[in-house]
Amino acid sequence: MASSSSLSTLIIIMIIISAISILASSANLYENVDITWGDGRAKILNNGDLLTLSLDQSSGSGFQSKNEYLFGKIDMQIKLVPGNSAGTVTAYYLKSPGTTWDEIDFEFLGNLSGDPYILHTNVFSQGKGNREQQFYLWFDPTADFHTYSILWNPQRIIFSVDGTPIREFKNAESVGVPYLKSQPMRIYSSLWNADDWATRGGLVKTDWTQAPFSSSYRNYNDATACVWSASAAKSSCNDNTLKSQSGDGGGDGWLYEELDSSNEERLKWVQNKYMVYNYCFDTTRFPLGIPPECSL
């Protein structure tokens, strides 16, 4: 096992590499997203380099990606609501339409000044979720921008923060769990009031004297994603490439990506030090046995 100092050095290196990669490949937000609600509370600024969402007592705000995707690696840099953010939620997620939807969630649950944010993650397949894992972060997510990434390929979903994996959800079709593989999804993000549940189970309410609350976004990167064409009913990725996922030909890049030994160690480091809830360990909630994907 890597020492604490060498692991910390590796994490710093990966953060730098991730930041350079995103800055090199990110595109103008005018080209990538549409503001969908908020009556002027969401704004694209600095010639498309920055997007801000705002929340006051009347309304929150949100945006969505212009593209839909069927598999991809997508990055966004986000700076969260500073100060007393209790009751607020900044959500950033992939979601398909319909009543049996697929969804991959980052949700940032606000807290009182000085108390840490909780990063809430979830995965829905065919309308079924209840797969929550929650984390504290090892930095102040309100002081600067940090990169939140979703890797979604035919075999796994990996949630990462600044290039460090925090969660892996594997394809569990072998044990009867539907996988997210046939419904194109769009990126959504919103800033909204959820003080009925977000902070300490709803015990701490939003302090509207602190409004307006604001979160900021930049460097949206979907350059390595399979863009879905509804008119053609296919994605921009080659069909043969997807079919060869488990073939002898192998491959490289995000479509075939899995955690190597170094990233496995980093995942364990995060989960050992910063995970605050894992549905796979909640035997009270699942008295008849933990969900089958937890055994993989």
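I count a residue as buried when its relative accessible area is under 20%. This is a predicted model, so I'm reading computed values throughout.

**Entry 1: rings of Y92 and F106.** I looked up F106 and got 0% relative accessibility, so F106 goes down as buried. Y92 also comes out at 0% and counts as buried. 16 aromatic pairs turn up in total. For F71 and W152, I find ring centres 5.1 Å apart and planes at 55°, so I log this pair as tilted. F71 sits in strand β4 (residues 61-79) and W152 in strand β9 (residues 146-152), 81 residues apart, so to speak distant parts of the chain. Both F71 and W152 are buried. Back to Y92 and F106: their ring centres are 6.0 Å apart with planes at 20°, so that pair is stacked. Y92 belongs to strand β5 (residues 88-95), F106 to strand β6 (residues 103-109). I also noted one aromatic cluster made of Y92, F106, F108, Y148 and F159.

**Entry 2: strand β3.** How many residues of β3 (residues 50-55) are buried? I get 6 of the 6, so the strand is largely enclosed by the rest of the structure. L50, T52 and S54 point one way, while L51, L53 and L55 point the other.

**Entry 3: partners of β3.** Strand β2 (residues 43-45) pairs with β3 in the antiparallel sense over 3 bridges, and I44 stands opposite L51. Their hairpin has 4 residues between the strands, and N46 takes a positive phi near 50° there. I also find β3 paired antiparallel with strand β13 (residues 213-229) over 5 bridges. There, S215 is the bridge partner of L53.

Methods. Residues are numbered from 1 along each chain as its sequence is written. This is a predicted model: local features need pLDDT of at least 70, side-chain atom pairs count only at pLDDT 80 or more; totals for chains, interfaces and linings use all residues. Side-chain values use heavy atoms; hydrogens and water are left out. Buried means under 20% relative accessible area, exposed over 50%, partly exposed in between (1.4 Å probe, protein chains only). Helices (H or I, at least four residues) and strands (E, at least two) are DSSP runs, numbered from the N terminus. Two strands pair if DSSP finds at least two bridges between them. Rings of Phe, Tyr and Trp (its six-membered ring) pair if their centres lie within 6.5 Å; planes under 30 degrees apart count as stacked, over 60 as edge-to-face and the rest as tilted.
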